[in-house]
Amino acid sequence: MQPSADSLHLGNYLGALTNWVSMQDEFNAYYMIVDLHAITVPQDPAELRNNTRRTAAQYIAAGIDPKKSSLFIQSQVPAHAQLAWVLNCITGFGEANRMTQFKDKSQKAGADSASVGLFTYPILQAADILLYQPKKVPVGEDQRQHLELTRDLAMRFNSRFGDTFTVPEAHILKETAKIYDLQNPTAKMSKSNEPKGTINIMDDSSVTVKKIKGSVTDTDGEIRFDLENKPGVSNLLGIYSAVSGTSIKQLEQSLSGKGYGDLKSEVADAVISVIEPIRLRATELLANTQELDALLASGAERANEIAEATLASVYDKIGFIPRS
């Protein structure tokens, strides 16, 4: 995840972090805070530094264990940017231009304001992956196109220069509840949305409760899951189910005959019980930035050892002379 805000939101936690935590027991996992990707749009330097630490603290507080996994900051492993340049040079302009996320973002902001970094960031993302020779990459359906580009570049390099990269497969993350905006329940919860619609991990509990109690519902008063006709109520039921582990059908039964105020109160209690321990632990970690930085530096050392070996092989294959 990009350190582009001072807090992750509930959708980040339920959609990615919970999966990552469980995967570290099964796989030799690498997790990073992608600050190089963050600067594809303008960033305030002090805020970027602060948000990077805050993102890392939330990873750890949510259960990413630096002893089990390599947790690090992308810019602390120079091979990411170095391999990205090599991959840029074997990527066609038209190929990069077809990436849908660039089209979406450049259309919103205007092509003239979009940076070259934004245009080429899927290639940096390919470098992020290929450096570690992974067999599997955890992705959602919306990231399949980027992984396909990664696979294409790996196979192209291998074909031209000899076997170098493992061609990774998609590890599709298990289906999780789609978490929508509290004020616009037809749009996914996002850092870029209206703040009142986003449940932030690092918000004070009183702020979170106020947001949930002010969420959009409807006027018919019936608590049932119906995405098309009752998106606001359905979103609250989906959030409640995701954080409590109780099925939506069971929740509908237990809430039968109750009002929207009851639903919102129960959702707020359930959400707070999950995210408050994460917020408190992250706050503890941020109180000692030297210790947090040391944990991240240790992760970067482990990652750098693997990344530098891959980069050395790439440089040798394409004909660069090593520094003696």
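Accessible areas here come from the Shrake-Rupley method with a 1.4 Å probe. On that basis, this predicted model has an accessible surface of about 16,200 Å² for the chain, and carbon and sulfur atoms hold 51% of it.

## Overall build

The chain contains 13 helices and four strands. Its C-alpha atoms fill a box of roughly 75 × 45 × 40 Å along the principal axes. How does the radius of gyration fit with a compact globule? For 324 residues such a globule would come out near 20 Å, and the chain has 21 Å, so the two agree.

Of the 324 residues, 46% count as buried. Now take the contacts in the chain with a separation of 6 or more: 74% of them are between residues 24 or more positions apart.

In soluble globular proteins, nonpolar side chains tend to be buried together. In this chain, the largest nonpolar core has 50 residues, and those with the most contacts inside it are Leu10, Leu17, Tyr59, Ile199, Leu263 and Val271.

Once neighbours within four places in sequence are set aside, Leu17 is in contact with Met1, Leu8, Asn12, Gln58, Tyr59, Ala62 and Ile64.

## A closer look at Leu14

Leu14 is part of helix 1, which covers residues 10-23. Why does Leu14 count as buried? Its relative accessibility is 7%, and the cut-off for buried is under 20%. Leu14 and Ile239 are 225 residues apart along the chain, yet their C-alpha atoms are separated by 9.2 Å.

## Ser69 in its loop

Buried residues turn up in a loop as well: Ser69 lies between helix 3 and strand 2, and it counts as buried because its relative accessibility is 2%. Leaving out neighbours within four places in sequence, Ser69 is in contact with Gln24, Ala29, Tyr31 and Arg302.

Definitions and conventions: Residues are numbered from 1 along each chain as its sequence is written. This is a predicted model: local features need pLDDT of at least 70, side-chain atom pairs count only at pLDDT 80 or more; totals for chains, interfaces and linings use all residues. Side-chain values use heavy atoms; hydrogens and water are left out. Helices (H or I, at least four residues) and strands (E, at least two) are DSSP runs, numbered from the N terminus. Buried means under 20% relative accessible area, exposed over 50%, partly exposed in between (1.4 Å probe, protein chains only). The radius of gyration is taken over C-alpha atoms; the globule rule is 2.2 Å times the number of residues to the power 0.38. Contact means heavy atoms within 4.5 Å. A nonpolar core is a set of buried Ala, Val, Leu, Ile, Met, Phe, Trp, Tyr and Cys residues joined through side-chain atoms within 4.5 Å.
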